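Welcome! Take a moment with the sequence and the 3D view below, and then let us walk through them together.

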Amino acid sequence: MTEFLIRRFVRNYDQVQDVEVRTRYGALAGMVGICCNILLFIAKLATGIFANSISVMADAFNNLSDAASSIIGIVGVKMAEKPADEEHPFGHGRIEYIAAFIVAFLVIEVGFSLFKTSFAKIRNPEPMVFQWMSVGILALSVGVKLWLGMFNRKLGKRIDSKVMMATAADSLGDVAATSATILSMLIFGLLEVNVDGIVGLAVSVVVMIAGVNIAKDTLAPLIGEAIDPEVYREITRFVESYPGIVGTHDLIVHNYGPGRSMASIHAEVPSEVNVEISHEIIDQVERDAQRKMHLFLVIHMDPIETQNERVENFRKISEETISQVDSRLSLHDFRIVDGKEHVNLIFDLVVPRDYTQEMKSQVKRKTADLIQGKIPGSLCMITVENSYCAEKND
């Protein structure tokens, strides 16, 4: 069903990096969400009024807020499509994150309203009316919401949309909420025990937690996230694939919305190669990154020794030493400068994010002492820094 809708309503659906195609995906997800949620609202509201169930009616208004969320999603994706202008040289892509954040607040507001209503229902319980038809309608809505959640998740992953992923999470939260409502009706029908208010209270907590989680996921790219390891590897492999690029480090990626990223990276080039030749290679990499990866890439060129056996030997000793100190450590920008009394070993030492300032000082001293012990007459000049790549635990 999902693929049928995509192929039917999204022209050039496979070109997901294209801004206009992303907008068509957003419009499709929004329209499907509006239609499904309005139908569910009408069906649940009628059921709730007939059964005199506050949890069912609250669930109905939750669907109405979801329809509003779908409208916000359409508007957000459409506004994010606006091209760069004088005041916003990197475009308007982050509006999509703001739209998802608004959706999160709507979800939290609905959950809070349900919480107040359910609490009042616990204090002043009212009689309910049980019918299997009501249970059937709610069970059907669970199926619709489950499909809608998977539909938005699939589209969201395909075009990397925070709004759609937020909507998908909201839909799956609704599945849990409606399932709880069905449970309360079954308990009343079979045992004649009215737990409507208690279940409504539980549902409200589930809805509010879903809203908070959506807000957290949406805030992350607005505040600034660490680079995903897979993205880090993709960019570094791309740059290092060019002849004349020996290695890379210090990759930083700034996100200006889905499909709109700017990055900077240090590329190591042989110092014995003419600087104009290396510069031409760097320019080619930047142009190709824009064309092939849709990435605005700025490359800083770092000349390094590649044919000096003494430098290579000292580098190898230093790398082996730091791996003994902590296998997570790495170094780059290694060079040597001969002095009158000693040889200076200069390099940057990359440490994990969990290192405190005291740990950084300790590892710097320990590394220097070990290397200087292995290379007589050497003096280590170490700059300790962190990587901008996310560190994922297995």
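## Terms and ground rules

Two strands pair if DSSP finds at least two bridges between them. Helices (H or I, at least four residues) and strands (E, at least two) are DSSP runs, numbered from the N terminus.

This is a predicted model, in which local features need pLDDT of at least 70 and side-chain atom pairs count only at pLDDT 80 or more, while totals for chains, interfaces and linings use all residues. Residues are numbered from 1 along each chain as its sequence is written, and side-chain values use heavy atoms, with hydrogens and water left out.

Let us begin with an open sheet of 3 strands in the order 4-5-6, with mixed pairing. Its edge strands are strand 4 (330–338) and strand 6 (378–386), each of which pairs on one side only. From one strand to the next, the twist averages 15 degrees. Strand 4 and strand 5 (residues 343–351) run antiparallel and are joined by 7 bridges. L331 has L349 in strand 5 as its bridge partner.

Two helices lie across this sheet. Helix 10 (residues 309–325) lies across strand 4 and strand 5, at about 140 degrees to strand 4. Helix 11 (residues 357–374) lies across strand 5 and strand 6, at about 150 degrees to strand 6. Here contact means heavy atoms within 4.5 Å. Axes are lines fitted to C-alpha atoms, for helices over the stretch in contact, and angles run from 0 to 180 degrees between N-to-C directions.

Another open sheet is formed by 3 strands in the order 1-2-3, and its pairing is mixed. Strand 1 and strand 3 (295–304) are at the edges with a single partner strand each, so one side of each has no neighbour in the sheet. The twist here averages 15 degrees from one strand to the next. Strand 1 pairs with strand 2 (residues 261–270) in the antiparallel sense over 7 bridges, and N255 stands opposite S261 in strand 2. Helix 8 lies across strand 1, strand 2 and strand 3, running at about 130 degrees to strand 1.

## The largest pocket

Rolling a probe the size of a water molecule over the atoms shows where empty space is left. The search used a 1 Å grid over the protein atoms alone: a cavity is a set of points where a 1.4 Å probe fits but cannot get out, a pocket is an open set with protein on both sides within 12 Å along at least five of seven lines, and lining residues have an atom within 4 Å of a point. Grid points are joined across faces, edges and corners, and a volume is the space filled by probe spheres set on the points.

The largest pocket holds about 1,100 Å³ of space. Its lining has 39 residues, and D160, V231, V253, N255 and S261 are the closest to its centre. At least two lining residues come from each of helix 5 (132–159), helix 7 (196–223), helix 8 (229–240), strand 1 (247–255) and helix 9 (275–293). Strand 1 gives the most, with 4 residues. The lining divides into 18 nonpolar, 9 polar and 12 charged residues, where Ala, Val, Leu, Ile, Met, Phe, Trp, Tyr, Cys and Pro count as nonpolar, Asp, Glu, Lys and Arg as charged, and the others, Gly among them, as polar.

## The cavity

How many cavities of 30 Å³ or more are there by this rule? The count comes to 1. The largest cavity has a volume of about 100 Å³, and of its 14 lining residues the closest to the centre are A29, G30, N152, V163 and T167. Helix 2, helix 3 (54–80), helix 5 and helix 6 each give two or more residues to this lining, and helix 3 gives the most, with 5. The lining residues of the largest cavity are 6 nonpolar, 8 polar and no charged.

A177 is in helix 6 (residues 162–191). With a relative accessible area of 1%, A177 is buried (buried means under 20%, exposed over 50%, partly exposed in between, with a 1.4 Å probe and protein chains only). Leaving aside neighbours within four places in sequence, A177 is in contact with D59 and V203. The C-alpha atoms of A177 and V203 are separated by 5.0 Å, though the two are 26 residues apart along the chain.

Most residues other than glycine have a negative phi. N12, in the loop between helix 1 (2–9) and helix 2 (19–51), has a positive phi near 55 degrees. N12 counts as partly exposed, at 39% relative accessibility. D250 lies in strand 1, and its phi is also positive, near 55 degrees.
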